[in-house]
There are 2 protein chains.
Amino acid sequence: MLKRWLVGDPLKTKQARHERLSKTIALAIFSSNAISSVAYGTEEILLVLVLAGTAAMAWSIPVSLAILFLVLVLTISYRQIIYEYPEGGGAYVVAKTNLGDQPALVAAAALMIDYVLTVAVSVAAGVAAITSAVPSLFVHREALGLVAILFIMVMNLRGVRESGKFFAVPTYFAIAALGLLVIVGTLKSFSTSPVALPSTVTGKALEDLTLFLILRSFAVGCSAVTGMEVISNGVKAFRHPESKNAATTIIWMSLILGSLFMGISWMAYHHGIVPKADETVVSQLARQTFGSGTIYYAVQIGTMMLLILAANSAFAGFPQLASILARDGFMPHQMATFGDRLVFSNGIIILGFFACLLLVIFKGDTHALIPLYAIGVFVSFTLSQSGMVKRWLVKKGPHWRKKLIVNGIGAVTTGIATIIIASTKFLQGAWIVFLLVAILIFMFQGIRSHYKAVAEQIALDRRGSRPPLPRRNIVIIPISGLNRAVVRAVDFARSRPGEIRAVYVDLDPEESAKVKIQWAQWGGGINLIALPSPYRSVLGSLLEYIEEILDKEPDIWVTVVIPEILPARWWQNILHNQRAFMLKAALLFKERVILIDVPFHLTR
Amino acid sequence: MLKRWLVGDPLKTKQARHERLSKTIALAIFSSNAISSVAYGTEEILLVLVLAGTAAMAWSIPVSLAILFLVLVLTISYRQIIYEYPEGGGAYVVAKTNLGDQPALVAAAALMIDYVLTVAVSVAAGVAAITSAVPSLFVHREALGLVAILFIMVMNLRGVRESGKFFAVPTYFAIAALGLLVIVGTLKSFSTSPVALPSTVTGKALEDLTLFLILRSFAVGCSAVTGMEVISNGVKAFRHPESKNAATTIIWMSLILGSLFMGISWMAYHHGIVPKADETVVSQLARQTFGSGTIYYAVQIGTMMLLILAANSAFAGFPQLASILARDGFMPHQMATFGDRLVFSNGIIILGFFACLLLVIFKGDTHALIPLYAIGVFVSFTLSQSGMVKRWLVKKGPHWRKKLIVNGIGAVTTGIATIIIASTKFLQGAWIVFLLVAILIFMFQGIRSHYKAVAEQIALDRRGSRPPLPRRNIVIIPISGLNRAVVRAVDFARSRPGEIRAVYVDLDPEESAKVKIQWAQWGGGINLIALPSPYRSVLGSLLEYIEEILDKEPDIWVTVVIPEILPARWWQNILHNQRAFMLKAALLFKERVILIDVPFHLTR
């Protein structure tokens, strides 16, 4: 009942087609990840540059322009992937079809980690937007983050279209609020002169302004373009014509992302904003532009909602990737099955779990998570683009030279960015990602080789020869006395013809005599065998008896029918069936023994 | 294998009689609890009195004499119980047979708590004896205590006689060492003059010397007589004539206990010993008497071993009590069964667990545990003695008046002591014991009423009319494709004649066609039914089908045979049988559905 209320009624298969998304809703679902990065992208750049003093912060403009160039390159390259892979062209699929299994698994592992990080970083940043506006909530940021993740999880278990409707309004509200901030703020900035921060007062240089520092600021700034690949994974979710709609949507997404990001970077530079521990850069800008009134709160709430929805976009992408991997045998089969609501429930739950774990480990702090972030996405960007380069070289087709150049530029650009990110952030956390990628690949391959071994073991003989199996079946009912539960088991056993034996372990002659008399009345004509028990061990005597039968008759199944009392409340189980449990545990691994519980349901 | 090596081979029933104890070994097993109390009894008295300044410590002599009087009264009273209850006369049995269920359950609950406390207090004090001698171990006392408890547990799981042999030597060694200390120390004390402590230097009075303080010192000193009841619980473990041997043993025990306790109290008074946090009173006395040489270490090691063995005596008593309660239906039935080694394994394990828990909660500190201690024992003392008083009044018999007076004095004395202990220690922890007693009684009665309800529900009809049960049995094999595991399940189902149906959920027409062709070859002539699945839910369609059968035919068992893959390694289970698990969970509570797993054992 609770499940139904939380996730809604199951949907018929025929409804699946109608779960497709319009461009407006797809933009809300798939682009919130990329667009929301503007909430922390500029701030992370400034946080690195400020180490060289406030004067160095002017470098944020060229660094932001470099990232803007990345957005442009990625947009054009991914449009080619979207057209080439209408079924969904995630990095895993592109790498697998063009480069082979190994690169594909690297891409898959990198992407999986990044989905989890997207959830954790976005939720942490979303909570930061709120605590900037309401500082008293700062101490609760971890708990707020966990609540947010669980909320998104439940929403996603309800199914993708409903989530879309539910999330479209806040996404557009957030884009409007941030757009207003950028437009009003930029216009105002032309009427005011830039603030030159006295470098001696607020900014004390901790490091020299080296090339390495600038590259580091670029590396953390790259977190602003994460999420751009989400649309290419989800082409199938668009309405017909899927590829064209997706390609249009990615252009809109990039335009919004690019203008908001540059606008914020420009305003931060112009107003001489210095990052603070307890207030985000966007919050500072909004206060300067609108004061601490209604519009300020609208910007903060919008930012928060957008970031929460960014986490949501990972919930659309991760289960899809997991199910593709499961279909190829690299993940457990159950990841491939549809849940009630035509969504990949297992993947959603796993993603939510790990994101919560990460949030707790890093105490809900965005800046602590950022060093891990982006590296995974850029590894998969590079593999996607390289895969496409290989594809054009092999497949050729119309305009292949032009397409090769586009994806070639994409591959080189993202490759350089990957090297910069990996080398400047390695010690601050990127090594963890590399380690996890290795572990995940090891896991993928272990799962695949296990399924392969199983398939070989359970494969039917091609020539049609049936595996030799026992043909006779002796039913044994172990009893320790007579009651309705036992009679029920006896009647179940008698419901099919064949040999049945009741066995009884003789511990006490007086008790045995009583059981024999009762059996004559209730045993339904079944033979009762009394087993001796020199060691007082009921279990030992039973096992010995069963093993004897198995040894003597290799062509036999031994079916053990166990009368079991099923209490009305779960905790009452501790008061029952200890012996049945021990017997079952002892018999579980015997090849020709089959166990049957015949439960007797108690009502109180 | 590990179990066998740890607990030894199983014993035959006939060996049970030989597991009886000689007086020498019984004294070691049953009296270590009482005798070992001398290690902390005097110290606890002094710890209370010193609050009123060192001068007040002279009161330790009259308080000790009062406790000696208790020992005398208890010895005489318990001898009468031993003769009257040769089958074992624990407080529970005496209260039950003479006073009724409610007082008996109070006694049982109080005793159970005290058994756990005996283990925890004795082990903590034993560790204190060692850390007095080797101060560097002081920080490890918690871990040392846990190791000691686990060691005793394993010894007890090996069986009672072997434990006896194993423990007799150290017990007598400890009695000899402590005896030597008391004899040499007392003799020496006559040749030296008493030490009068300058009350201004070492002892600053924190409290006035009130009657309440003296009663409090008496209350904590009562911990010295705990364990005197153990022999009366275990009369059955003695050799023939059981009662006579047990009665002789209790006299020896009391003599040893009384003389050691008074000797230590006298010496502590004479030498003006003040209790210290990091060295026990016995250790201080031994150092003064023998210096820090070999004999000193012998006394410390002996004390430690004696205390560890005291914990062991609870391991003999607790499982016995639990099994008596289990036989009366107040504890889970499995507590009443013999383990392999003719001991009550379940009780031993539970006692060990709770003692470890207590030790961890109270950080291995004897003084922190003492306020909880003794109250339980004195409640049960009082109930035993009152029960005996009632018995003589009802039963009469030879010399009943004399016997009435003896137990009457016992009842009054222990009753007064109980009131003193409860009133002076209530706020320091005795309230926890009262609360636990109430909870345990609630539990006992809950268990009994559950078993009673079950017995009524499963009782066979007296007039011999068989409960109406289904007579036909349809076997259903749900399949999702064909492989050796499925063929195995099919062949198992075919091993008994009757109606069999294989069912298949139709998700994909192409796949279905393939399954049908394979089934023609491998299905062994069994009918294959394809179920439609509008909701894409394999589980839902199967459940619907089974429910339909159940509804249509009220006179039928539905046996669901589930082919299940049993992996070679446990963690591989996550990769298999998710669907089978869901199906079983959904069918578990249906009255006429019986589930059968036919496992297919993988080898790699």
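## A first look at two helices

Is the crossing of H6(A) and H14(A) left-handed or right-handed? Looking at this predicted model, you'd call the crossing of these two chain A helices right-handed. Helix H6 covers residues 101-133 and helix H14 covers residues 345-361, and their axes come within 8 Å and cross at roughly 55 degrees. That is why H6(A) and H14(A) are oblique to each other.

Who does the touching? From H6(A) come A:Tyr115, A:Val116, A:Leu117, A:Val119, A:Ala120 and A:Ala124, and from H14(A) come A:Leu351, A:Phe354, A:Ala355, A:Leu358 and A:Leu359. Sort the residues of this contact by class and you get 11 nonpolar, no polar and no charged.

## Over in chain B

Now hop to chain B, where helix H13 (residues 294-327) packs with helix H14 (residues 345-361). Here the angle is about 120 degrees and the axes are 8 Å apart, so H13(B) and H14(B) are oblique to each other. The crossing of H13(B) and H14(B) is right-handed.

H13(B) brings B:Ala314, B:Phe315, B:Phe318 and B:Pro319 to the contact, while H14(B) brings B:Gly347, B:Ile348, B:Ile350, B:Leu351 and B:Gly352. By class, that contact of H13(B) with H14(B) has 7 nonpolar, 2 polar and no charged residues.

## The largest cavity

Counting cavities of 30 Å³ or more gives 2, and the largest holds about 170 Å³ of space. It is lined by 18 residues, and the closest to its centre are A:Arg496, A:Ile596, B:Phe492, B:Arg496 and B:Ile596.

Which elements give two or more residues to the lining of this largest cavity? In chain A they are strand S1 (472-479), helix H18 (484-494) and strand S4 (556-566), and in chain B they are strand S1 (472-479), helix H18 (484-494) and strand S4 (556-566). The lining of the largest cavity splits into 10 nonpolar, 6 polar and 2 charged residues.

## The second largest cavity

The second largest cavity has about 40 Å³ of space. Its lining comes from chain B: B:Asn33, B:Leu111, B:Asp114, B:Tyr115, B:Thr118, B:Thr226, B:Gly227, B:Glu229, B:Val230 and B:Val377.

Which helix gives the most to the lining of the second largest cavity? That's helix H6 (residues 101-133) of chain B, with 4 residues. Sorted by class, the lining of the second largest cavity has 4 nonpolar, 4 polar and 2 charged residues.

How values were computed. Residues are numbered from 1 along each chain as its sequence is written. Chains are lettered from A and ligands numbered from 1 in the order in which they are written. This is a predicted model: local features need pLDDT of at least 70, side-chain atom pairs count only at pLDDT 80 or more; totals for chains, interfaces and linings use all residues. Side-chain values use heavy atoms; hydrogens and water are left out. Axes are lines fitted to C-alpha atoms, for helices over the stretch in contact, and angles run from 0 to 180 degrees between N-to-C directions. Angles under 35 degrees count as roughly parallel, over 145 as roughly antiparallel, 65 to 115 as roughly perpendicular and the rest as oblique. A crossing is left-handed if the near helix is turned anticlockwise from the far one by less than a right angle, and right-handed if clockwise. Contact means heavy atoms within 4.5 Å. Ala, Val, Leu, Ile, Met, Phe, Trp, Tyr, Cys and Pro count as nonpolar, Asp, Glu, Lys and Arg as charged, and the others, Gly among them, as polar. On a 1 Å grid over the protein atoms alone, a cavity is a set of points where a 1.4 Å probe fits but cannot get out, and a pocket is an open set with protein on both sides within 12 Å along at least five of seven lines; lining residues have an atom within 4 Å of a point. Grid points are joined across faces, edges and corners, and a volume is the space filled by probe spheres set on the points.
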